[in-house]
Amino acid sequence: MKLLEYQAKQQFAAAGIPVPPGRLARTADEAAAAAQELGRVAVKAQVPIGGRGKAGGIAVVDTPDEARREAARILAMDIRGYPVRSVWCETGLDIDAELYLGITLDRDRRRLVVIFSAAGGMEIEQVAVEAPERIAKLWPDPFAGPQPWEIRELAFAGLAHSPQLHDRTSKLVSGLVNLTTRLYNVATSLDALTCEINPLVLTPEGSLVAADGKLEIDENAHYRHAAVAEELAKDETGDDGRTGDDPFEVEARRRGLTYVHLDGDIGCIGNGAGLTMNTLDLVKQHGGDPACFLDIGGGANAERVRNALDMVLLDPKVRGVFINVFGGITRGDEVAHGIIAARDELHITKPLVVRMTGTMEEEGRRLLQEAGIVPGKSAPEAAAAIVALARDPK
Amino acid sequence: MSVLVDRNSRVLIQGITGREGSFHTGQMRAFGTNVVAGVSPGKGGTNQDGVPIFDTVAEAIAATDADVSGIFVPPPFAADAIMESAAGGIRLTVCITEGIPVQDMIRAREFVLRTRHDLLGANCPGIVTPEQCKIGIIPNHINTPGPVGIVGRSGTLTYEVIQGLGQGGMGQTTSVGIGGDPVMGLSFPDVLQLFADDPETRAVVLIGEIGGSDEETAAAWIRKTGFDKPVVAFISGRTAPPGKRMGHAGAIISGTTGSAQSKIDALTEAGAAIADTIEDVVLLTAARLGTQVG
């Protein structure tokens, strides 16, 4: 779950991290009112992807009339498939320097990593390539969190290659200790996988202000953050029901299915991520093109299988479905019941090829056979069969 | 020989009364696993098909000398269950639960490290030493004893490999699922080291997938240590598009990190044989062992 800029900033502000004054506007009139109140503002499209500025989704305006006009233009935009639902109208900052402060998951160290750099304003991945010496990292103890001395080390290291900030270092470092502690609290209390301030603006008065914000919450922890999800939902879906995401993937989420929409015409259903990925690889190896990745997961019951088949067939491009099940925690009989129910209730006429083995495989295969669906035992054979059938259904 | 578990393992199941916990406890016992206790807070003093149930792990250990645990509790409670297990002195905790928040796992993993015990998973299928001990959800009937060590991130692909090797007449010393989450306990090098130390393991099959760089780390470890047993590697997700999470929380190509090709290249350089299909895994393993596919 990716938060929008204004939502990230609300979370930062609640944690005591300074952000520029701003107002959310969902209409051009609200944007004009914000400009009336705040004066010169940047009108910024609220979409969950980068590159807004380049796409024309940010405008700096001096008057309420200008704000109304620009907001109307931006609110009518669609940025790389994401319709703009709202704009964030924010006062500008006097900038002495642009820094970077972010927290993300480091998969190799299996900890959160705090990253600080005096080279803010650009993508941190780019800094890592062009000037790796300007990036400093800290991997806090997950029980203790980052300690002030650790953050000081981080800050001094990140500032070491910025001579222009030398005479301001001591005040900057103490500000960063405070700010990093607060940002780490945001990251842990919200189960963030990414929690980033870029740029972190140093003003002439010496304040540190979050000029942009990125927050992504771990999907596995959504149950702990229902309020944030509810706030996000207001912007995700407009009156037209569009979210900007792939409509099939949106529908799959609604159904609670793990689904990735692809370009081909063979629906691929498997249990387990690795097996389902391998199912796609097999279809490709046999000259077919996967239409989707759908992992029914461990322990799927008949209803889930029925739901999955129905989901895959919503895509009119699909010419055949390959169901590849290796039972571990998933039981073959349950899968078979689901496939048979789906075929009969949904009147499926497109080719189905089922490959089933593992826990309760005999019962599952017997059920399928009795229902007139021939189960295959070898995955490559089944892949070849569905590719042939989808090409020539006769 | 085997790694991590054998017929002497005394197994505790946390979450034994749940739907999956109870079904798979039955499967594990049918396999021959010595399940000595279950834990289900509030149900202490009862039993399930003769397995005594305790309220806490500490009580279960005191009463039964359990030394290995399998966890089947729901995601919100799983990290806590892992810590309870390690704190009680369980030497190997195997967490099957999928969907545990990443930050919970970061803490649970560190907690287990500090106890100097081991954690397998989470989001893993478990571990099997054929004819001796199974913890987790790997189907019973596919496992046969033999000279191959298996280590994999994906559960179902691990089953595929076990079954394929078995049909080809090659059994396993131990099959180990390390799980599909970005933060897990034992990782490829840890398990490879165990196989290095096990004289009966004569070849290793490594099952990786897109996302992260654990396969690259494994390749670097093989080169650094001069691991001299043949390795056959299978990587899934060659057709996966970047930026999409392919089912497993950890299976995502981010930027330039985590592609199947990068893993295949690293493992090839480390001397591993790369299999394109499960059938190839079987043929390549047989060739490395110098046996005929039966």
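Biologist: Let's start in the sheet of chain A. How many bridges join strand 8 of chain A to strand 9 of chain A?

Modeller: This is a predicted model, by the way. Strand 8 of chain A and strand 9 (residues 135–138) of chain A run antiparallel. The number of bridges joining the two strands is four.

Biologist: How many residues of strand 8 of chain A are buried?

Modeller: Strand 8 covers residues 111–117 of chain A. It has bridges to strand 7 of chain A and to strand 9 of chain A. The strand is mostly covered, and the buried count, out of seven residues, is six.

Biologist: Which element of chain A has the lowest mean pLDDT?

Modeller: Chain A as a whole has a mean pLDDT of 90, with 96% of its residues at 70 or more. Among its elements, strand 11 (residues 208–210) comes out highest, at 97. At the other end, with a mean of 76, sits helix 7 (residues 226–236) of chain A.

Biologist: How far apart are the centres of domain 2 and domain 3 of chain A?

Modeller: The assignment for chain A gives domain 1 (20–93), domain 2 (97–210) and domain 3 (247–391). Taken over C-alpha atoms, the centres of domain 2 and domain 3 of chain A are separated by 46 Å.

Biologist: Over to chain B. Which element gives the largest share of the side of domain 1 of chain B that touches domain 2 of chain B?

Modeller: Chain B is assigned domain 1 (11–121) and domain 2 (144–289), and their C-alpha centres lie 26 Å apart. Nine residues of domain 1 contact nine of domain 2. On the domain 1 side, helix 4 and strand 7 (118–121) of chain B each give two or more residues. The largest share, five residues, comes from helix 4 of chain B.

Biologist: Is B:Val151 buried or exposed?

Modeller: B:Val151 lies in strand 10 (residues 145–152) of chain B. Among the residues it touches are B:Val176, B:Ile178, B:Phe188 and B:Leu206. The cut-off for buried is 20 or more other C-beta atoms within 10 Å. B:Val151 has 28 of them within that distance, so it is buried.

Biologist: How many residues does chain A bring to the contact with chain B?

Modeller: Chain B puts in 48 residues, and chain A's contribution is 44 residues.

Biologist: And on the chain B side, how many of those residues are charged?

Modeller: Helix 1 (19–31), helix 3 (75–88), helix 4 (102–115), helix 5 (155–167) and helix 9 (278–289) of chain B each supply at least two residues of the side that touches chain A. That side has 20 nonpolar and 17 polar residues, and the charged count is 11.

Biologist: Last one: how many residues are in the largest nonpolar core?

Modeller: A:Val43 is one of the residues with the most contacts inside that core, and so are A:Ala31, A:Leu294 and B:Ile82. The contacts of A:Val43 include A:Ala31, A:Val61, A:Ile74 and A:Cys89. The core's total is 220 residues.

Notes: Residues numbered from 1 in each chain as written. Chains lettered and ligands numbered in written order. Predicted model: local features only at pLDDT ≥ 70, side-chain atom pairs only at ≥ 80, totals over all residues. Buried ≥ 20, exposed ≤ 12 C-beta atoms within 10 Å, placed from the backbone. Contact = placed C-beta atoms within 7 Å. Core = buried A, V, L, I, M, F, W, Y, C linked by C-beta atoms within 7 Å. pLDDT = per-residue confidence, 0-100. Domains from an automatic or database assignment. Nonpolar A, V, L, I, M, F, W, Y, C, P; charged D, E, K, R; others polar. Pairing = 2+ DSSP bridges. Lists of a residue's contacts leave out its neighbours within four places in sequence.
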